[in-house]
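Biologist: I would like a close look at one part of this model, and then an account of the aromatic pairs and charged side chains elsewhere in the chain. Please keep it plain.

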Amino acid sequence: MATAHDPWWVIASAAVALHGADAGPVSDIDVLLSAGDAGRILPTIGVTALPGDRHPDFRSDVFGRWHGPALSVEFMADFHYRSAAGWVRVQPATRQCIEIAGVALFVPARAELRRLLVAFGRPKDLERARALG
């Protein structure tokens, strides 16, 4: 992600863990990035950017899954979740840097991440939101 031109964020369970809260099982790392960065970065790691999976509650215009690291990384551009009012685009307003072993990782601020997880509404997301306090 060092070559990204646009802001990007780790979201969901990995972001909860990066904030130091108990995320429960973290099975993958979700990265929210721009479509332009997806088009530039994913080919360099051997990931084909595809139209997003049409999950009933989540969708993205670009989706790619990288199985290279210990945990798979899911890249999502123009990511939305379903709400009672319709589809809502996820575009964090905050961007907090957390450094791990000299690598800068960006996450939404704790309060914004908590609100996002509550909006997702799944039991595991609500539990992670509670863990953020």
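In which strand does Asp28 lie?

Modeller: The model is a predicted one. Asp28 belongs to strand β2, which covers residues 28-33. The side chain of Asp28 has no salt bridge, although Asp28 is buried. With neighbours within four places in sequence left aside, the contacts of Asp28 are Ser13, Ala14, Leu71, Ser72 and Glu74. One of these contacts, Glu74, counts as negative, as does Asp28.

Now the rings. The count of aromatic pairs is 5. One of them joins Trp8 and Phe106 edge-to-face, with 5.3 Å from centre to centre and 90° between the planes. This pair links distant parts of the chain, 98 residues apart: Trp8 is in the segment before β1 (9-11), while Phe106 is in strand β7 (residues 103-107). Trp8 and Phe106 are both buried.

A further edge-to-face pair is formed by Phe79 and Phe120, with centres 6.1 Å apart and 85° between the planes. Phe79 is in strand β4 (residues 72-83) and Phe120 is in helix α3 (residues 110-120), so this pair ties together parts of the chain that lie 41 residues apart in sequence. Phe79 counts as buried because its relative accessibility is 6%, under the 20% limit. Phe120 is also buried by that limit, at 11% relative accessibility. Both rings belong to a cluster, in which ring pairs link Phe58, Phe79, Tyr81 and Phe120.

Two arginines complete the account. Arg95 lies over the face of Phe106, 3.6 Å from the ring centre; Phe106 is the residue whose ring pairs edge-to-face with that of Trp8. Arg122 is in the loop between α3 and α4 (123-132). Its relative accessibility is 28%, so Arg122 counts as partly exposed.

Methods: Residues are numbered from 1 along each chain as its sequence is written. This is a predicted model: local features need pLDDT of at least 70, side-chain atom pairs count only at pLDDT 80 or more; totals for chains, interfaces and linings use all residues. Side-chain values use heavy atoms; hydrogens and water are left out. Rings of Phe, Tyr and Trp (its six-membered ring) pair if their centres lie within 6.5 Å; planes under 30 degrees apart count as stacked, over 60 as edge-to-face and the rest as tilted. Helices (H or I, at least four residues) and strands (E, at least two) are DSSP runs, numbered from the N terminus. Buried means under 20% relative accessible area, exposed over 50%, partly exposed in between (1.4 Å probe, protein chains only). A charge sits over a ring if NZ of Lys or CZ of Arg is within 6 Å of the ring centre and within 35 degrees of the ring normal. A salt bridge is a side-chain nitrogen of Lys or Arg within 4 Å of a carboxyl oxygen of Asp or Glu. Contact means heavy atoms within 4.5 Å.
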